[in-house]
Amino acid sequence: MPHLPPGSRQPAFLQTLQMRDPVRYVESLRRRHGPVFRMKLLGFPPQVVVSTAELAAEIYRTDGDGSRAGALRAGYVPWLGKYSLFTNDGEPWWRHRKLLSPTLHGRSLASYPDLIAEIAAEDIRKWPLGTPFALQERMQAITLEVTLRLVFGVRDVNRQARLRSSLLALSKASGSASLFLMPARLRAWAEKSPLAMRLPFLPTTRTMKASAAVDHVVFGEIARRRDEEDREATDVLGRLLQARDEQGRSMSDVEIRDELITLLEAGLETTATGLSWAFERLMRSPEVLGRLREECERGEDERYLEAVVKEVLRLRTVIYGSGRLLDKPLRLGGYDIPAGWAAIPMFSLIHQDSEVYPEPQEFRPERFLDESAKAAQKSFLPFGGGRRYCVGAQLAMMEMKVIIREVLQRVELTPTDPAPEAQRMWHATLIPGKHAVAVARQHPLSRKPLPEEPRCPVHPAPSE
Ligand code: HEM
């Protein structure tokens, strides 16, 4: 008999219900059972959960030989597609990872910060001054615009509008809680059945229809760009059209479509949520905000800004965990985990390890700067680990830094309520419960005034 870890004895449906508040639930299980415990959730294989970076590293060491990540994400295949980097494993995954990675790393990102700052400034200009508004919505709008320009490379205003509205509809439909709560078998049937597709109230119908509408626009965009043959293009779509694998093969239209939708689904809400938490925390931490403002006003050095972003992603983990389906048995923390189980490093617990992060509830970016920085970095897993480490992590970090700096240089933000906002599940992310509500005022020392509304030189406004 394998020596299994301890865990909840409740039926699977009760455990699943408690995952509506995953942070609190897994914290209660860790307190009761220790750093390794098991869970059973409806529609998933039995799970073993770990709460230290060392145990997480043992799980991620099995990547590529002993475990699969894509197999646990099969529920996303109907709209991400069968070629998606997110849902594949083995050779097909590796081929796409090698084709996609260069478009999101190093030199490819060099030209992006100015454009991201421009997009952010344009949005900030529209923020209401003096009345409360939800920062989460503004961050979603900015990150969507960044995706349209940097990933899809769309400049034409009309095509941007068409793509924007269809992508928003897909993001809304595919993230609905009712879709995730639908039993796996019913969902698999409903996604393929012509009869189910005639029932508009089913979340599967809404998602598949939204996905078909996106496909129409995206395939049109791919065909247009193929005709253009722009070898200098710097957006992800342009680079994917030029990319060749080791055998010299290019990517088909369907492969490119699947990866564009994958980047959208994996990168949009996550980055917008990370940014919302950044402002939620900064507004309630005057000392950190003061030091950060000083650094931003001085210019060049962004070490503190980088530490702030890391501390936000540590303290308010956007994705609470990311696991692997075990193909072979694994010895973990003194227990025997059978093949066929899912092994999950729980980031929300790992980031609260008080041995690595003293007073873990405190928002203290200095942890990533002083002598404890090395240990802090080692247990820092907001982007996962192993070979499946988030392919967009560099872009996300850069995007967050540029947008935070742009906001701080232009407006002062205050919370409407000094109490911290609770973490709430939405899509696959943990968002601020009140959507990071704030009141903005123009920054009195702002070196960068809010940009003026562009004026038409021929038709002046009625008051002029
Ligand atoms: C703050 C923002 C983000 C967070 C917190 C985040 C987090 C994660 C996590 C936890 C994983 C799973 C890693 C694992 O299983 O080991 C992941 C995978 C992934 N992320 Fe991100 N992500 C962010 C932004 C982005 C962006 C901006 C993009 C792309 C534009 C992106 C694209 C992906 C893709 C394609 C994968 C799948 C990689 C694979 O399986 O090989 N992410 N991300």
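Select the side chain of Arg388 together with the ligand: an N or O atom of this side chain is 2.8 Å from an oxygen atom of the ligand. This is a polar contact, defined as a pair of N or O atoms within 3.5 Å; within protein, one must be able to donate a hydrogen and the other to accept it, and residues adjacent in sequence count only if both atoms are side-chain atoms. The model is a predicted one, in which local features need pLDDT of at least 70 and side-chain atom pairs count only at pLDDT 80 or more, whereas totals for chains, interfaces and linings use all residues. Residues are numbered from 1 along each chain as its sequence is written, and side-chain values use heavy atoms, with hydrogens and water left out.

At Gly385 it is a backbone N or O atom that lies 3.0 Å from a ligand oxygen atom.

Now select the iron atom of the ligand. Which protein atom is its donor? The single donor from the protein is SG of Cys390, 2.3 Å away. Donors are N, O and S atoms within 2.8 Å of the metal (3.2 Å for Na, K and Ca); water is not among the atoms, so sites may look incomplete. Cys390 is found in the loop between helix H17 (373–378) and helix H18 (393–410). Helices (H or I, at least four residues) and strands (E, at least two) are DSSP runs, numbered from the N terminus.

From H18, proceed to strand S9 (411–415) and strand S12. H18 lies across both, running at about 95 degrees to S9. Axes are lines fitted to C-alpha atoms, for helices over the stretch in contact (heavy atoms within 4.5 Å), and angles run from 0 to 180 degrees between N-to-C directions. These strands belong to an open sheet of 3 strands with the order S4-S12-S9 and antiparallel pairing; its edge strands are S4 (133–134) and S9. Two strands pair if DSSP finds at least two bridges between them. S4 and S12 (residues 437–442) pair over 2 bridges, and Phe133 stands opposite Ala438 in S12.

Then select strand S10 (residues 423–426) and strand S11 (residues 429–432), which pair in the antiparallel sense over 4 bridges. Arg424 stands opposite Ile431. The hairpin has 2 residues between the strands, and His427 takes a positive phi near 55 degrees.

Finally, display the open sheet of 5 strands, with the order S1-S2-S8-S5-S3 and mixed pairing. Its edge strands are S1 (36–39) and S3 (67–68). Helix H3 (residues 53–60) packs on this sheet, and its direction makes about 140 degrees with that of S8.
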